[in-house]
Amino acid sequence: MWKLLLKIFRTGILTEKRDQPLSQTHPPGFGKSLAIRHVDAGSCNGCELELWALENPYYSLSSGGVKFVASPRHADLLLVTGPVTRAMKEALLRTRDAVPGPSRVLAVGDCACNGGIFRESYAVHGGVDAVIPVDHHLPGCPPSPDDLLEAIHQAFGTSPPSSE
Ligand code: SF4
(Lines give C-alpha, C1' and ligand atoms only; values in the text may rest on other atoms or scores of the structure.)
Protein backbone atom coordinates (compact mmCIF):
# COMPACT_ATOMS: atom_id res chain seq x y z
CA MET A 1 0.00 0.00 0.00
CA TRP A 2 2.69 2.55 1.05
CA LYS A 3 4.82 1.44 -1.88
CA LEU A 4 1.97 2.17 -4.26
CA LEU A 5 1.26 5.58 -2.72
CA LEU A 6 4.94 6.46 -2.93
CA LYS A 7 5.00 5.48 -6.60
CA ILE A 8 1.92 7.60 -7.31
CA PHE A 9 3.50 10.54 -5.49
CA ARG A 10 6.80 10.17 -7.34
CA THR A 11 5.23 9.67 -10.78
CA GLY A 12 2.78 12.56 -10.64
CA ILE A 13 0.27 13.27 -13.43
CA LEU A 14 1.41 12.05 -16.83
CA THR A 15 -1.55 12.98 -19.03
CA GLU A 16 -1.32 16.07 -21.19
CA LYS A 17 -3.42 18.99 -20.12
CA ARG A 18 -5.80 20.82 -22.40
CA ASP A 19 -5.43 24.52 -21.85
CA GLN A 20 -8.94 25.49 -21.26
CA PRO A 21 -12.36 23.92 -20.95
CA LEU A 22 -14.80 24.04 -23.83
CA SER A 23 -16.19 27.33 -25.00
CA GLN A 24 -19.03 28.65 -22.90
CA THR A 25 -20.31 30.86 -25.70
CA HIS A 26 -23.47 29.28 -26.92
CA PRO A 27 -25.23 30.34 -30.09
CA PRO A 28 -28.44 32.36 -29.92
CA GLY A 29 -31.58 30.25 -29.68
CA PHE A 30 -29.90 27.56 -27.60
CA GLY A 31 -29.99 27.31 -23.80
CA LYS A 32 -27.11 27.26 -21.33
CA SER A 33 -26.10 23.74 -22.26
CA LEU A 34 -26.00 22.03 -25.61
CA ALA A 35 -27.43 18.56 -26.02
CA ILE A 36 -26.56 15.94 -28.60
CA ARG A 37 -28.71 12.96 -29.54
CA HIS A 38 -26.55 10.34 -31.21
CA VAL A 39 -28.07 7.85 -33.65
CA ASP A 40 -26.07 4.90 -34.90
CA ALA A 41 -27.78 4.30 -38.22
CA GLY A 42 -25.73 1.19 -38.98
CA SER A 43 -22.06 1.87 -38.29
CA CYS A 44 -19.26 -0.64 -37.62
CA ASN A 45 -18.82 1.09 -34.22
CA GLY A 46 -15.45 2.55 -35.20
CA CYS A 47 -16.94 6.06 -35.21
CA GLU A 48 -18.55 5.43 -31.82
CA LEU A 49 -15.21 4.51 -30.26
CA GLU A 50 -13.84 7.92 -31.24
CA LEU A 51 -17.06 9.62 -30.19
CA TRP A 52 -16.95 8.13 -26.69
CA ALA A 53 -13.38 9.37 -26.32
CA LEU A 54 -14.89 12.86 -26.09
CA GLU A 55 -16.26 11.92 -22.67
CA ASN A 56 -12.87 10.98 -21.24
CA PRO A 57 -11.01 13.35 -18.87
CA TYR A 58 -8.71 14.60 -21.64
CA TYR A 59 -11.40 15.88 -24.02
CA SER A 60 -14.04 16.27 -21.32
CA LEU A 61 -16.83 17.39 -23.64
CA SER A 62 -19.36 17.60 -20.82
CA SER A 63 -17.25 20.04 -18.77
CA GLY A 64 -18.10 22.72 -21.36
CA GLY A 65 -21.82 22.14 -21.08
CA VAL A 66 -22.11 19.85 -24.11
CA LYS A 67 -23.72 16.53 -23.26
CA PHE A 68 -25.22 13.46 -24.88
CA VAL A 69 -28.90 12.93 -24.11
CA ALA A 70 -31.11 9.86 -24.35
CA SER A 71 -34.22 11.61 -25.63
CA PRO A 72 -34.35 13.43 -28.97
CA ARG A 73 -36.85 15.84 -27.37
CA HIS A 74 -34.00 17.31 -25.32
CA ALA A 75 -31.54 17.56 -28.20
CA ASP A 76 -30.12 20.58 -30.05
CA LEU A 77 -28.02 18.50 -32.40
CA LEU A 78 -28.72 15.18 -34.07
CA LEU A 79 -25.39 13.40 -34.62
CA VAL A 80 -25.58 10.41 -36.94
CA THR A 81 -22.92 7.75 -37.55
CA GLY A 82 -22.87 4.95 -40.07
CA PRO A 83 -24.66 4.46 -43.38
CA VAL A 84 -28.45 4.44 -43.05
CA THR A 85 -29.47 0.81 -43.12
CA ARG A 86 -32.95 -0.21 -44.23
CA ALA A 87 -33.66 -1.32 -40.67
CA MET A 88 -32.73 2.09 -39.23
CA LYS A 89 -34.40 4.42 -41.75
CA GLU A 90 -37.71 4.66 -39.89
CA ALA A 91 -35.99 5.10 -36.52
CA LEU A 92 -33.85 7.90 -37.93
CA LEU A 93 -36.85 9.69 -39.43
CA ARG A 94 -38.79 9.45 -36.17
CA THR A 95 -35.81 10.68 -34.16
CA ARG A 96 -35.35 13.65 -36.50
CA ASP A 97 -39.05 14.50 -36.18
CA ALA A 98 -38.82 14.37 -32.38
CA VAL A 99 -35.93 16.85 -32.14
CA PRO A 100 -37.29 20.35 -31.43
CA GLY A 101 -36.04 23.39 -33.37
CA PRO A 102 -33.69 25.08 -33.75
CA SER A 103 -31.71 21.92 -34.33
CA ARG A 104 -28.93 20.77 -36.59
CA VAL A 105 -27.87 17.49 -38.12
CA LEU A 106 -24.23 16.41 -38.17
CA ALA A 107 -23.20 13.36 -40.22
CA VAL A 108 -20.03 11.80 -38.76
CA GLY A 109 -17.72 9.49 -40.71
CA ASP A 110 -17.42 8.52 -44.37
CA CYS A 111 -20.35 6.12 -44.05
CA ALA A 112 -22.70 8.83 -42.75
CA CYS A 113 -21.44 11.30 -45.37
CA ASN A 114 -21.87 9.11 -48.44
CA GLY A 115 -22.38 5.47 -47.48
CA GLY A 116 -18.62 4.81 -47.27
CA ILE A 117 -17.54 1.21 -47.74
CA PHE A 118 -21.17 0.07 -47.42
CA ARG A 119 -22.40 2.31 -50.24
CA GLU A 120 -23.05 -0.53 -52.69
CA SER A 121 -24.75 -2.80 -50.17
CA TYR A 122 -28.37 -3.82 -50.78
CA ALA A 123 -28.99 -3.25 -47.07
CA VAL A 124 -28.26 0.49 -46.96
CA HIS A 125 -29.89 3.61 -48.41
CA GLY A 126 -26.55 5.43 -48.51
CA GLY A 127 -25.37 8.42 -46.48
CA VAL A 128 -27.58 10.26 -44.02
CA ASP A 129 -28.67 12.86 -46.57
CA ALA A 130 -30.27 10.08 -48.61
CA VAL A 131 -32.89 10.06 -45.84
CA ILE A 132 -32.85 13.41 -43.99
CA PRO A 133 -31.27 16.82 -44.71
CA VAL A 134 -27.79 17.22 -43.22
CA ASP A 135 -26.33 20.56 -42.10
CA HIS A 136 -22.74 19.48 -41.50
CA HIS A 137 -20.59 16.61 -42.77
CA LEU A 138 -17.48 15.27 -41.04
CA PRO A 139 -15.63 12.77 -43.26
CA GLY A 140 -13.05 10.29 -41.96
CA CYS A 141 -12.94 6.58 -41.26
CA PRO A 142 -13.21 7.17 -38.40
CA PRO A 143 -12.67 10.89 -37.71
CA SER A 144 -10.38 11.67 -34.77
CA PRO A 145 -11.75 13.01 -31.48
CA ASP A 146 -10.13 16.38 -32.23
CA ASP A 147 -11.95 16.55 -35.57
CA LEU A 148 -15.17 15.50 -33.86
CA LEU A 149 -14.78 18.20 -31.26
CA GLU A 150 -14.24 20.82 -33.92
CA ALA A 151 -17.19 19.59 -36.01
CA ILE A 152 -19.53 19.61 -33.01
CA HIS A 153 -18.53 23.18 -32.21
CA GLN A 154 -18.88 24.23 -35.84
CA ALA A 155 -22.35 22.68 -35.91
CA PHE A 156 -23.30 24.65 -32.80
CA GLY A 157 -21.55 27.79 -34.00
CA THR A 158 -19.19 27.81 -30.99
CA SER A 159 -15.39 27.66 -30.78
CA PRO A 160 -13.51 24.49 -29.92
CA PRO A 161 -10.99 24.67 -27.07
CA SER A 162 -7.32 25.20 -27.72
CA SER A 163 -5.41 21.91 -27.68
CA GLU A 164 -2.09 23.52 -26.67
S1 SF4 B 1 -16.76 5.69 -41.32
FE2 SF4 B 1 -15.35 3.95 -40.94
S3 SF4 B 1 -15.32 3.76 -38.69
FE4 SF4 B 1 -17.13 5.00 -39.20
S5 SF4 B 1 -18.83 3.54 -39.36
FE6 SF4 B 1 -17.96 3.76 -41.44
S7 SF4 B 1 -16.45 2.10 -41.61
FE8 SF4 B 1 -16.91 2.33 -39.43
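## Strand S3 and its partners

S3 and S5 pair in the parallel sense, over five bridges. In this predicted model, Thr 81 has Val 108 of S5 as its bridge partner. S1 also pairs with S3 in the parallel sense, again over five bridges. There, Arg 37 stands opposite Leu 78 of S3.

S3 is mostly covered, with five of its five residues buried. Both faces are covered. Leu 77, Leu 79 and Thr 81 lie on one side, Leu 78 and Val 80 on the other, and all are buried.

## The sheet

Which order do the strands take in the open sheet? The order of the five strands is S2-S1-S3-S5-S7, and the pairing is parallel. S2 (66-68) and S7 (136-138) are the edge strands, and each pairs on one side only. From one strand to the next, the twist averages 25°.

S5 and S7 run parallel and are joined by three bridges. Leu 106 has His 136 as its bridge partner in S7. Strands of a sheet pair through backbone hydrogen bonds, either parallel or antiparallel.

## Helices on the sheet

H2 packs on the sheet and touches S1, S3 and S5. The direction of H2 makes about 140° with that of S3. H5 packs on the sheet too, touching S1, S2, S3, S5 and S7. The direction of H5 makes about 175° with that of S7.

## The nonpolar core

The largest nonpolar core holds 35 residues. Leu 77, Leu 78, Val 80, Leu 106, Ala 107, Val 108 and Ile 152 touch the most other members. Six elements are listed here as giving two or more residues each: strands S1 (34-40), S3 (77-81) and S5 (104-108), and helices H2 (46-53), H4 (110-114) and H5 (145-156). H5 gives the most, with six residues. In soluble globular proteins, nonpolar side chains tend to be buried together.

Ala 107 has contacts well along the chain. Leaving aside neighbours within four places in sequence, Ala 107 is in contact with Val 80, Ala 112, Cys 113, Gly 127, Val 128, Asp 129, Val 134, His 137 and Leu 138.

## Around the ligand

How many residues surround the ligand? There are 13, and the closest are Ser 43, Gly 46, Gly 109, Cys 111 and Cys 141. H2 and H4 are the elements that give two or more residues to this shell. By class, the shell has six nonpolar, six polar and one charged residues.

## Ala 87 in its loop

Ala 87 sits in the loop between strand S4 (84-85) and helix H3 (89-98). Is Ala 87 buried or exposed? Ala 87 counts as exposed because it has 11 C-beta neighbours inside 10 Å, and the cut-off for exposed is 12 or fewer. Ala 87 and Ala 123 are 36 residues apart in sequence. In space they are 8.2 Å apart, C-alpha to C-alpha.

## The chain as a whole

The protein chain has five helices and seven strands. Along the sequence, the pattern is α-β-α-β-β-β-α-β-α-β-β-α. Of the 164 residues, 34% count as buried. Take the contacts between residues at least 6 apart in sequence: 80% join residues at least 24 apart.

Notes
Residues are numbered from 1 along each chain as its sequence is written. This is a predicted model: local features need pLDDT of at least 70, side-chain atom pairs count only at pLDDT 80 or more; totals for chains, interfaces and linings use all residues. A nonpolar core is a set of buried Ala, Val, Leu, Ile, Met, Phe, Trp, Tyr and Cys residues joined through C-beta atoms within 7 Å. A residue is buried if 20 or more other C-beta atoms lie within 10 Å of its own, exposed if 12 or fewer, and partly exposed in between; C-beta atoms are placed from the backbone. Helices (H or I, at least four residues) and strands (E, at least two) are DSSP runs, numbered from the N terminus. Two residues are in contact if their C-beta atoms, placed from the backbone, lie within 7 Å. A residue is near a molecule or strand if its C-beta atom, placed from the backbone, lies within 6 Å of it. Ala, Val, Leu, Ile, Met, Phe, Trp, Tyr, Cys and Pro count as nonpolar, Asp, Glu, Lys and Arg as charged, and the others, Gly among them, as polar. Two strands pair if DSSP finds at least two bridges between them. Axes are lines fitted to C-alpha atoms, for helices over the stretch in contact, and angles run from 0 to 180 degrees between N-to-C directions.
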